[in-house]
Every structure is written in structure tokens, then in C-alpha cells.
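Hello,

Here is the structure I promised to pass on to you. Have a look at it first, and then read on for my notes on what turned up in it.

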Amino acid sequence: MPLTGNQKEAVELDGCSILLNAGAGSGKTHVLTERVVRLLTSGDMQTDEVLVLTFTKAAAQEMKNRIAAKMQAELENVRHSLEQDPGHPALEQRISFLSRQIAMLPSAAIQTIDSFCNDVVRQNHALVGLPGNVLMAQELEQTRMKNGLLDLILAEHIRKHESGVMQMLKAFGGIRQAKHEIRSLSDRLSSFDDKDLWLSGALDSWKPENLEKTACQSVSAVLSSALLKMKDSAILLAQNADQKPKTAAYMQSAAEACSRLSARLESDGPQGLQSSDFSFLQKNSPAVAETEQTVLAKRMFADAKSRLKEFTDISAVVQEQIRRMKVMEPVVRSTVELTLEYDRRYQDLKKERGLIDFSDMEAYALQILSIPMIRDQYRNQYRQVFVDEYQDTNPVQEKIITLAARDNNLFCVGDMKQSIYRFRSADPLLFRRRSKLYQEDSSRGKVINLFRNFRSTTNVLNCCDDVFSVLSTHSRELDYGEADRLQVGRTAQGPVQDTLLITFSKEDADPDTESSELESEAIAGYIQERMKHEIYDPRINEGKGGMRPCRWSDFAVIGRKRTEFLSSLMDVLNRNGIPYSLDKSGPLLKTLEIQMLVQILGLSAGYEDDYALLNAMHNGFFGFTDQDITDLARLPGNTFMEKLSSQQTETSLLGLKCSRFMQFIQELKTRDDSQPLQDVISWAADELALRTWCTALGEGRQRLANVDLLIQLGSDFQRDGRNRLHAFLSALKLMENDSQTLESARIQPSSDSVLLTTIHGSKGMQYPIVIIPFAGKTVGTGSGMKEPKLTVEHDINHPDSYSVSLPYIDPDQAAEGELFLNELAKSANKEKSIEEERRLLYVAMTRAQEELVITGQKPGKGKSSASLMNWVLQALDSHPDHLGKWKEVPADNYARLLGPAAPETEKKTEHRLLKADPGLFEPEEDGPVQRDVYPVPVSVGASRAVGLMTGCAKGNCENPFAVVRSEEQLDEDTDHLEAAQRGIQIHSFMEQADLKQILRPGYVENKVEEMFGPEQTVIDADKIRTLFSQPEALYIKEADVVIREKPGSLQLPYSELDPEYKGGLSTKIQAVIDLVVRRDGKWYLFDYKSDQIGVTPEAPTFRERLEERKQHHRIQMELYRRVLKDNFDIEIEGSWLAFTEPGVFVPVYQKSKQSA
């Protein structure tokens, strides 16, 4: 594709720094690549003289691949020219030069900014007092050290009964929240380029001599805001044509009074105001005309007036704020001081262990590059510095970039409207600041704009303009003037498709179900209906475009959060046979399940380490609470190992937890010394019921695959000798340190499936049809532990503005309230969150190539909410003559397309099964209350329970769990890992396959190849078809409800698992049920088994072998039946084991026979 005028200028302009302001779909990566290739092929610049910084490894690798491909193409062109003119010296020299450049590309500095900082630190480690062999601490290791260190620090200060710390704990409601506050403040400060200056200024406001000044300033700011709000709403109401003259005059008078009071406040401060200055508030407002335009203004006016009345006694307000600040001063001071101590000791701890983390890398790199000699060295080394996605930088990264580049060799690419990583401390105002600098002083650099969009249709772009031309008028950060609007760059355009708004009101939703259920059904109904029609594809017919059948993979559902999909949407898609894949990828060691497992496995290597013990105790598997850990910290002993050991013989609840924990550690060490590594890891996962825990969470199949991948890595790593786990875990850490990222297990999605992803996950991508779901949810809010009470404000545009504050909390007086200082900081941060949400909407809308759909609940009449849907509707209401073609459709119109609902009596049962309470599957926090011979586990997986159960000799016992177990009979599969992997593949296939299509010729082969590739040898298509040709398969193929991979739990007396146990305690059995179906109103249970029977069906011993396997699995099937009855009130009519290897069903339970 030829370059446009602005693109060509960005590629070819030399001699100055450039800020490429590139809108969505404008080809920014293409331009950046072309500029790098031009420099490297010009003969004037070597490969190692270019520095290209990105924010992800994937982006860096893609950049390298693109550059290599273009340079290789150039080399081939020159070779072709040489063939036409053999022996030409200039062509031969050119080939030699290009070959050298391409050969150097793999080691070129095309890398993430983290990787660049890492190189700077490793090459100059001595300058900042680091050893040469410093390692990168994994997140797992960081979490372990941070939690342990915080526990120790707090325990030390609690033992001293320091008043400020004790008041802080009271204010925060306990140790857990206090730790969260300290960690949050520390993380927030790590991205500040002026951390020390900021802290000094923030604490200066809380000094006793400055409290009155700070309180007055905060009162003035809050009062000014309320006056402005009342003034603006009064003007809107006064100017409304439907108002009566009396009302309009009153509103005009109120607006003028607000203006006078604002002027007095600015000149005299709050101390100069009198109660009489607020007398205008006593006048009653006349009736306001109720129109669509006045409803919100009327409410704003009433709210502002009510708020202003709080300031009538202005002197008392100021004195109360001073008093509250005095109460909270020790809390703020203690929190900041503990954070500083935590930072200092954490740095010392990392240095002691030879570790650094990512925030250290940036801080150390900045410190090193600030040395003039080192700065000049890097500036001389790199003649051109490129930064991709510049809008996502934080203040520290910005300083690093500025130090590494010269005044005239920096090329930054980005789009402020696509800055969506504030939660990583990215500050989009850095982009604006550099843009303003270049525009005001051309000698510093040049801004080049790219706003021609080559991705989306005209209507999609027009709809974006309709929304953001209005939203930008209410925004301080979103620039969207005439020059910022996206222009159409595509030449191939199909039939115009309206942008759909699929909406519903609160009243539309069924009161017995959540509104998300209706919305999910509407999304599914829309997708099914849209699949019946063709879609325009600009790529076909040699790029001329044309219509083709719609595919599942044309749809991308792009949500704000992945949790939106885990509520109801995936269930609805499943029930209606719509294939989908959940976008989930990333480093293996950063997944929650692997972090927790690796953390616990580490206990085998050095469990006497306090940090390792504390972190393992925190993870929830062993039942320890924060109070337990605090109680242990107060016990005599130098280490937590000594404290834990001292409690093993105690009969208290804490003692039992300690005993179980210590026994687990000892067993883990014993197994590590005597068993294959993969068996040790598998045992730990089973002992913790980790697989069941994974399945009960969202993305269960992905999590299970990650656990099995770690086991496979253990098998690959296997080495002789003692303490193998320590070597294995150290190797994992070293691979991460060397940037050899271990990717999560790959669960092959269907090649033709609806993609469920997040807005962050969709960044840089494009899709034919984009659906933005759940747009009616309120944005910019948070709750619980994720939201620290301590509020921090940091504004790079106002570096002299410092703020750290808390709400007013006085436990001694049982009083709570707001500090105006905190209110202002929270308001500023909330506005920044709202700004980010607007940009998220922009990114989501601009992913669409052909069609755009937005779904969500509309706000009630006269109500306003900060939601994506409300912003869109308000924008359209503001400009009825909008450019885009929009169409609003009631959600029920599409939901009805899914067919009639089940009868009410069946619907309730089905709903309970389909949407079971996740709390059913969480481990009990309270452990056993007494100990007889040994501690009883809190919870075990079903397979672990089967292994525990023993019974009577052969005969028919009353206990349904009684069975004869013969290890020789039951363990014919000697390769445990191979058997486990076989079972995983078969279960994955049965989970995703369309069970009603199994017998269709070629279906199994195609599905297996799609999921596992053509080389797989585990699943035999003929045997799967044989299985589904059996009469029992009719229960599955003719079912009206099919439930797969359903988790559940059952509380059992532990004596049923182990007859040797004589106590009265119980244990939770956690299970994942393969398949439950309903046919003709009755429920049936199936469990897939990949057992190797060992003989063919024709062999005389075949039935005997099947019976042995049936007896082995009978306990598990009985557990499943009881789980369904206990959790979901489902009475099973019959159950079968489905053996996939021979392709037969074996009955286990029949209700009619049992009754007889």
C-alpha cells in the first residue's frame, strides 16, 4: 500500500524529533517499520545504532519480523538486479551490506522498555551497588517477600504498642487492610519520578502548623465546586424556553449570587465569609418546568443547593475540618512512615538475596542514565530512538526515554485517545505535554498527524465521530476537534450496516433472573440471527471486496472486564450451541494457579524461611486467617518454623491448622527425596484439591491445562539426587530472568468461534463485527479490598500539588465522615478513571471493521449514570442530526429468537444446576475443631476421596462406598503422566464436541484436528463413533438439557473415607462432573473414562476387566450422584461409565433396580 502524504513525511523527515499522533487504524506500525527499514537500508546507519522500545514482547517480536521481512525483500530485489547485471560492484556491495544488516537483526535493540532497563542495569550494576549476578525476582517471589516482610514489620510495631500504628490499625479495620494500604501506596509511589519531593510535600500539608491552612484550602475548593455546579445548572434552567418568568428570574438571581460569593471566596478565603452571605439559599425555588432537557439540571441544582447549605456556618465547618485532620494526622503519618520503612527494608532484602524487580529496574536505570557520562554513552550509541505506544508511558519511563535520546533523534508514536493503562501508572498527559512542547517550539520537534483510517467502514467512523465529538466537550483529557476526527481511508465499502444499540430498561428484565441473563440472551439471539445473512469482506475478489457467508469467527465480543463473560454470557452461548473461545494467554508463572502451586512446592526447598511460610499460610489452602498469623507472631521463638512447631501438639483450632501444615511440608520433603519429580508435583496438586479449585473458577479448562503443563515440565526436568524441587524451581526462575518466558498452556480454540476478549486484549486488533456488551454498567467505581482507603493524587501538570489523605475515621468516638482534602483527591482520581473509561470506549468502537453493536441497560427516565451506554445515548440526543446510521432495538426482540423458556417447575431446577453458587466449591475456612489421631483435611478432591476409601470384602455391603481395591488390577497404566494427558485430551474433546453430531461422517476427525492438530494420536475417531452408536447414547443425543464439566461438593463424615478414623469430623469432597443430561424430564449421569482395558472386546476376559474397572469407579459415581442431589436437588435416574477406549457404556446405577 503506497504511503499517504503525512505517512511519507513521517518516514522520510530527518534532523528533528517527531511525535507521530496516529489515530486508530491509521497505519502507525507500518510507518514506524518503514522508517526503521529506510534507515537500516540507506547504508548510513548500522543495525546496532537503532533503539526501538515497545511495551510488550509480542510487539517487539512482531516489529523485528516486519523489519526482517522488508529488508529480506529488498535484498532479493537487489539480487535479482545483480542477476540482470552480473558483476556490478555497487550491487555486490549493496548485497553484502544488506546481508550484514539482516544478520545483525536478531541481536538488535528492538525490545521492551523493561528489557532495555534490564540491560542498562546489568551493564552498569556496580554504579548502583548491585552484584554482577543479580537476578530478576518473579512476581511469585516478590509477593512472597512482600507479604512476609509486611507481617514482620507490623508484628514488630504492634509488639511495641506504638500509638500511631495502633490508631492506624483501628482506622483501617485490621491488619489485612493496613497491609493493603501500605502495598498500594508503595506501588503507586514506584511510578513517580519525583517520589521524595512528592512525599515531602504531601506530608507537609499534615504538619500541625499547616493544618489550618490545608483545611481552609480544602473548604474553599469544595465550596467553589458546589457554587459552580449551582450556577451552571441555574443558568441552564433560566434559559429554558419552557420556564415561567418567575422561575427564570429566580434562577438568574441564584446564578448571580453564586458568582458574587465565588468572587468573595477567592479574594477573602472561607474565613472572610459570613452566614449572611448564604442567605440567598433560604429562598424557596418556584416550580420548574419538567422537560427532558430540565430533569438533570433540576436535580443538579437541588443537589448543589443542599450541599451549599452545609456551609452556612462557615466558621464551624472550617474548625471541624481542622479537628478531623488532627485526628487523622497520626494515621496518615504512620501509614507513610511504615511505607517508607517497608520500601527501605524490601530494597535491603532484595539486595541481600541478589534480586531486583521491574520497578527497581526502571528506578536503577533512571539513576544510572542520570550520570552524564553514562547518558552520553547511550546517546552516542543510538543514533535513532523509537518509542511505540508512547501514550502508555509513566513519568519514570518518560525520563528514561528523554535521557537515552538526543534532542533531535527521538521518534514517538502513539494516540492519546488510546491510552488505557492508567492502572499500570501510564499517564496520557505526558503525550499531551510533549505535543504542546513541539507545537510551541518547532526547534524541539515536530508533530505529524495521521487520522486517515484504513480499517473501518464509513458508518463505523461516522458513529465514532457522533459519540466522541460530544464526549470530548465534557473531557479534560480527550482531544477530539475537527483535526482529530478519523477520515475514511478504505476504498472498498459494502452495503451500509446500521450501528445497533440493543437496549433494555430495568423493568424489561425478568424479576426472577439477573438483567445480565436477558442481555446475554439478546447477544446470543443477535449472533444467531446475523449468521443467517452474508457479510461484506473487503479482502476478497482481489481486494475489490464482496459478500460472503457470515462465520462465527467474524464476531468479537469485547468487554471491559473478563469477569463480564464469566457471569452469564458463556452459559447462554453454551446452551444455544454457539461456539466461542475465551482470549486467555500470558506467562505461565504469572497465572494464579501456578503461582500458588509453585509457592507451596517451594516449601520443600527452604521452608524454614519466614517469608515462604507466611506467604503459603496466606493462600487459603491451609485455613490460616490474618488473626492466626498475628497470634503466631506474638508467640515466643525466633522463626515462624519454631512457632508452628510449638503449636503442633495443641488441641486448639490454630494448633490443628499448624499440625496439618507441618505434616504437609514433611510429606512433601519426603516425597521430593524418593519419588519422580512429576509425581511429587501431582501429589501436591491432588492434596490441595487444586484441580477441583481450578475447575470451580472461570476458565477452568485453561487452568487445569496450566497445572498439567507444570507437571510435564517437571517430567522433562527430572534429575537424580535429593532436593530436586529446589533445582526445578530455581530453573524456572532463571528462565524468567533470561527473558525465556514460559507461556501458558495452549488450549486450541475452534478456528471458527466467537471470540470473547477484553478491550485491553483487543488493543491493536480488528474484527469484522464488534459487540460491546454490558455497556449499561456504571464505570469508574471500585469497592472492597481493591480500593485503598488512602487516596493519593499526583498531577504531572501541577508538580507543586501534593495530596495524600483518608476519610475521617475515629474508632474511639465511633465516628466516621469525610475530610474535604480526601473528597477532593477522590474526585480528581474518579475523574481520571472516567476519562480512561471514555478512552476504553473509543478503543472498543474503533476495533470494528464492518459492523458495530453495543448492548446494555438504559438509565431510567430522568436519571443519568456514568456508563458507556448512557454516554452514547446522550451524545445522540445532543445531536439529532448525527452523521452515523444508528438503530435501537429492544433486547427482548433478539432474546426471543432463542426459543421458548422451560416450564417454570423445571426452569428453577435447571437454573440452580446451571448457575450453582460458587461458594459451594470454596474450601472451608474453618478447619477441624478437635484432633484424635491425626488432623482431618478440610477438603479433598473426589479422586483423592476414592483413594482414601476402604471397605469390606467382596459381598454386597450396605455402605455404597465399600469396594475391594487391588493395586495390581487397578494400575495397569504404569505411565501415570501419559494416562493423565490422555484423559485431559479426551475430556477436552468431549467438553467441546457437538454430541449430536458425533456420528456425522468426518465430524470427529475434523474436530480433533481443529483442537489438537493433525499429529495427535490419543483420540480414536472410530471408537468414539462406536461409543455413540450404543443404545445408551440416545439419552445424550435426545436430551433437552446438556450440562458439561459441572463442579460441586459434598460434606461427608471423615470416617466414611477412612474407617480407622474414630472422630466425628467431616470433610468436603469436591467434584467435577463430566456430563449430566435431561431427557423426558429425567436426569442421567455419565462419566468419561480413558482407561486402557488391556484386551479387545472379543477376548473372554473383557467383561471381567470391565467389571473390575466399574468397581474401581463405582465410589466416584456414587459421590457424583450424591453431589447432584445435595447441591442441586437433582435425582439421578441412571448413571453410566463411558469407556472411550473400547467404546462401551457400563451401567453403574439404575433407580428402578435400586428401588426394587
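Let me start with S26, which sits in the loop between β1 (18–22) and α2 (28–41). Please keep in mind throughout that this is a predicted model. S26 has a relative accessible area of 2%, so it is buried. Setting aside neighbours within four places in sequence, S26 is in contact with Q7, L450, R452 and F454.

An unreviewed UniProt entry gives the feature "binding site" at A22, G23, A24, G25, S26, G27, K28 and T29. Another of these residues is worth a look: K28 lies in helix α2. K28 counts as buried because its relative accessibility is 16%, and the cut-off for buried is under 20%. Again leaving out neighbours within four places in sequence, K28 is in contact with A22, D388, E389 and V413. A22 is itself among the positions that the UniProt entry lists.

Now for the chain as a whole. The chain has 43 helices and 29 strands. It runs to 1156 residues, of which 53% count as buried. What share of the contacts between residues at least 6 apart in sequence join residues at least 24 apart? The figure for the chain is 77%.

Next, the aromatic rings. The structure holds 22 aromatic pairs. In one of them, the rings of Y390 and F431 have their centres 6.0 Å apart and their planes at 45°, so this pair is tilted. Y390 lies in the loop between β6 (384–387) and α16 (395–404), while F431 is in helix α17 (residues 429–440), so the pair ties together parts that are 41 residues apart in sequence. Y390 and F431 are buried.

How are the rings of Y526 and F555 arranged? Their centres are 6.3 Å apart and their planes are at 85°, so the pair is edge-to-face. Y526 belongs to helix α19 (residues 515–530) and F555 to strand β14 (residues 555–559), so this pair ties together parts that are 29 residues apart in sequence. Both Y526 and F555 are buried.

There is also an aromatic cluster, formed by F622, F624, F661, F664 and W683. The charged end of K643 sits over the ring of F640, at 5.9 Å from the ring centre. Over the ring of Y1149 sits the charged end of R1121, 4.1 Å from the centre of that ring.

The largest cavity holds about 90 Å³ of space. Its lining is made up of L150, D151, L154, A155, I158, I175, D626, I629, T630 and A633. Two or more of the lining residues come from each of α6 (139–159) and α24 (626–633). Of the elements around the largest cavity, α6 gives the most to the lining, with 5 residues.

While you are looking at α6, please go on to the loop between α6 and α7 (163–172), where you will find H161. Most residues other than glycine have a negative phi. H161 is not a glycine, yet it has a positive phi of about 55°. With a relative accessible area of 60%, H161 is exposed, because the cut-off for exposed is over 50%.

N541 is another residue other than glycine with a positive phi, near 55°. N541 lies in the loop between β12 (534–537) and β13 (546–549). Is N541 buried, exposed or partly exposed? Its relative accessibility is 47%, so N541 counts as partly exposed.

Finally, please turn to V1076, in strand β26 (residues 1066–1079). V1076 has a relative accessible area of 1%, so this residue is buried. Apart from neighbours within four places in sequence, V1076 is in contact with V1041, V1042, I1043, W1083, Y1084, L1085 and L1124. V1076 and D1087 are 11 residues apart along the chain, and their C-alpha atoms are separated by 8.8 Å.

Happy exploring, and do write back with any questions!

Best wishes

Methods. Residues numbered from 1 in each chain as written. Predicted model: local features only at pLDDT ≥ 70, side-chain atom pairs only at ≥ 80, totals over all residues. Heavy atoms only, no water. Helix = DSSP H or I, 4+ residues; strand = E, 2+ residues; numbered from the N terminus. Buried < 20%, exposed > 50% of the residue type's maximum accessible area, 1.4 Å probe, protein only. Contact = heavy atoms within 4.5 Å. UniProt positions renumbered as here; feature names shortened; annotations may be inferred. Phe/Tyr/Trp six-rings, centres within 6.5 Å; stacked < 30°, edge-to-face > 60°. Lys NZ or Arg CZ within 6 Å of the ring centre and 35° of its normal. 1 Å grid on protein atoms, 1.4 Å probe; cavity = no way out; pocket = protein on both sides within 12 Å on 5 of 7 lines; lining within 4 Å. Points joined across faces, edges and corners; volume = space filled by probe spheres on them.
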